[in-house]
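User: I am new to this one, could you walk me through it?

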Amino acid sequence: MEITSFDDLLHAACAQPEPQRLLFVFAGAALPLAASEEQRAQFAAGEGGELSPLMCVDKAAGELGGFAALAAEAAQAGPPWAIVFTAALPGRSGLAPSSREAETALQKMVDAIKAGRLEGMLPFDTRGEPVRFN
């Protein structure tokens, strides 16, 4: 199934045979300290910059009512963000992943984002639209 919206992600996670935990890492965008004029212009136009993880959370697939609910919760919990990276963590034998498994997976996502390794994660912007990186 192709994921073209946040709702597609929710539907796909709920349709899996094993219970899923959805993992979310909210990231902000900033200019590098030694940004060039070109980088500054791109950033001002809404492109480029460095991504920095700000906060993360995991939710059972059926626990979310949609992107608006997730965004509202994130707005209350932390600083403004630019992109949320998502992934799913499957359960086994009908049991959802444990909190410890979710924490470990979230830390791996945070580390990957810091290193610029974004494969395996689905990024969405503040409107819940998928983001494609060039």
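User: Let's start with Trp81, is it buried or exposed?

Analyst: Trp81 is buried, with a relative accessible area of 13%, where buried means under 20%, exposed over 50% and partly exposed in between, using a 1.4 Å probe and protein chains only. Please keep in mind that this is a predicted model, in which local features need pLDDT of at least 70 and side-chain atom pairs count only at pLDDT 80 or more, while totals for chains, interfaces and linings use all residues. Residues are numbered from 1 along each chain as its sequence is written, and side-chain values use heavy atoms, with hydrogens and water left out.

User: What about Ala82, what does it touch?

Analyst: Ala82 sits in the loop between H3 and S3 and is partly exposed at 29% relative accessibility. Leaving aside neighbours within four places in sequence, its contacts (heavy atoms within 4.5 Å) are Ala27, Gly28, Ala29, Phe124, Asp125 and Thr126. Ala82 and Ala27 are 55 residues apart in sequence, yet 6.0 Å apart in space, C-alpha to C-alpha.

User: Switching to the sheet, in what order do the strands run?

Analyst: The order is S2-S1-S3-S4 in an open sheet of 4 strands with antiparallel pairing, and two strands pair if DSSP finds at least two bridges between them. S2 and S4 are the edge strands, each pairing on one side only. S1 and S3 pair in the antiparallel sense over 8 bridges, and Val25 stands opposite Phe85 in S3.

User: Which helices lie on it?

Analyst: H1 lies across S1, S3 and S4, running at about 155° to S1, whereas helix H4 (residues 99-114) packs on the sheet touching S1, S2 and S3, with its direction at about 30° to that of S1. Axes here are lines fitted to C-alpha atoms, for helices over the stretch in contact, and angles run from 0 to 180 degrees between N-to-C directions. In helix H1 (residues 6-14), the buried residues are Phe6, Asp8, Leu9, Leu10, Ala12 and Ala13, and their cover includes S1, H3, S3 and strand S4 (122-125).

User: One more, Lys59: buried or exposed?

Analyst: Lys59, in strand S2 (residues 50-60), is buried, with a relative accessible area of 10%. The side chains of Lys59 and Glu73 are joined by a polar contact of 2.9 Å, meaning a pair of N or O atoms within 3.5 Å where, within protein, one must be able to donate a hydrogen and the other to accept it, and residues adjacent in sequence count only if both atoms are side-chain atoms.

Key:
Helices (H or I, at least four residues) and strands (E, at least two) are DSSP runs, numbered from the N terminus.
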